[in-house]
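Please prepare a short report on the structure shown here, with attention to the ligand surroundings and to one helix.

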Amino acid sequence: MPELASRAHQKNLIPVVDAAMKRAGVTLDDLAGIAFTRGPGLMGSLVVGTSFAKAVSLARNIPMLDVNHMHGHVLAHFIDDENKPKPSFPFLCLTVSGGHTQIVLVKDYLEMEVIGQTIDDAAGEAFDKSAKLLGFAYPGGPLIDKHAKEGNPAAFSFAEPRIEGLDFSFSGLKTSILYFLQKQTKLNPNFVQENLKDLCASIQRTIVDILLRKLEIAAKEQNISEIAIAGGVSANSGLRTGIQALGEMKNWNVYIPKFEYCTDNAAMIAITGKFMLEKGLFASQEISAQARWKM
Ligand code: KG4
Ligand code: ZN
């Protein structure tokens, strides 16, 4: 609901920034820069953040860093945590969120190339749309994950896409699940309730298989064994254990963000801003929010 998201940003932005600065023990005078998400995303929300950054920047003469949201997801791996090993360049990052599914070749902090992406739905959408068919509220991805833990991932199988190269497609999966459920509920109206855990586990397994199969091809083609995941769907326990297992088989070094840095968070935008600040990549007051913005 873009309109509601925009209003919520308007209402919460100043109190949230205020609380964050108090907790960090800093004031505006301590800031070297203001990092904000310029895009991609919902225009109404992006405009609120961009305008806020511009206003504070102008009023206090603090430089601005216009961060790409998808860039932020990848660089979540570099959020300070001494005990966590960080990927070394070049690495591959499977970035899977509610709006994007990409295999990114990361050559440096600010040098990235998308080498594969979805041609229709994102992986997060595949989770959320499947969840809706099972009767879950939005976003249903985390609920599929929860129920899948007690289900049998081999109970049901669904049509998997045949897409050339490193691109993904998830729209066919949704249709395949829809037809399957329609057929089964005609025979047994309680089919979904009686098989909920197995359905969740099977859907999750199918989505994870699709993702990992392409990642495996990308790693082979690029001859890279530094492999990372990022974005909201990287919080999925099936994907997290699946990539660990594949990594052990393939001798990869696998990097999985801390749970709280998988789904959208401000720290990933701040760390990206830090790298941009170090290179002097400042934004001018003339820039505007971009709903669609390539990395
Ligand atoms: O990165 P994110 O927080 O926001 C976007 O940039 O889109 O990703 C949100 C997506 C939603 O589709 C949500 O259902 C999915 O991530 N997600 C999950 C899990 N946690 C979040 N999907 C499957 N299993 C999870 N545990
Ligand atoms: Zn995101």
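Helices are DSSP runs of H or I with at least four residues, strands are runs of E with at least two, and both are numbered from the N terminus; the expected span of a helix is 1.5 Å times one less than its number of residues. This is a predicted model, in which local features need pLDDT of at least 70 and side-chain atom pairs count only at pLDDT 80 or more, while totals for chains, interfaces and linings use all residues. Residues are numbered from 1 along each chain as its sequence is written, chains are lettered from A and ligands numbered from 1 in the order in which they are written, and side-chain values use heavy atoms, with hydrogens and water left out.

Helix H8 (residues 196-222) has 27 residues, which should span 39 Å at 1.5 Å a residue, and this agrees with its end C-alpha atoms, which are 39 Å apart. Asn 223, which follows H8, has a positive phi near 55°.

Around ligand 1 there are 18 residues (a heavy atom within 4 Å), and Gly 98, Asp 128, Asp 145, Asn 236 and Asp 264 are the closest. Domain 1 (2-73 + 263-279) and domain 2 (87-257), with bounds from an automatic or database domain assignment, both contribute to this shell, so ligand 1 lies between them.

The table lists polar contacts, that is, pairs of N or O atoms within 3.5 Å.

| Residue and atom | Ligand 1 atom | Distance |
|---|---|---|
| His 73, polar side-chain atom | oxygen | 3.1 Å |
| Gly 141, backbone N or O | nitrogen | 3.5 Å |
| Asn 236, side-chain N or O | nitrogen | 3.0 Å |

Taken alone, ligand 1 exposes 550 Å², of which the protein buries 86% (Shrake-Rupley method, 1.4 Å probe).

Methods. Polar contact = N/O pair within 3.5 Å; in protein donor to acceptor, adjacent residues only side chain to side chain.
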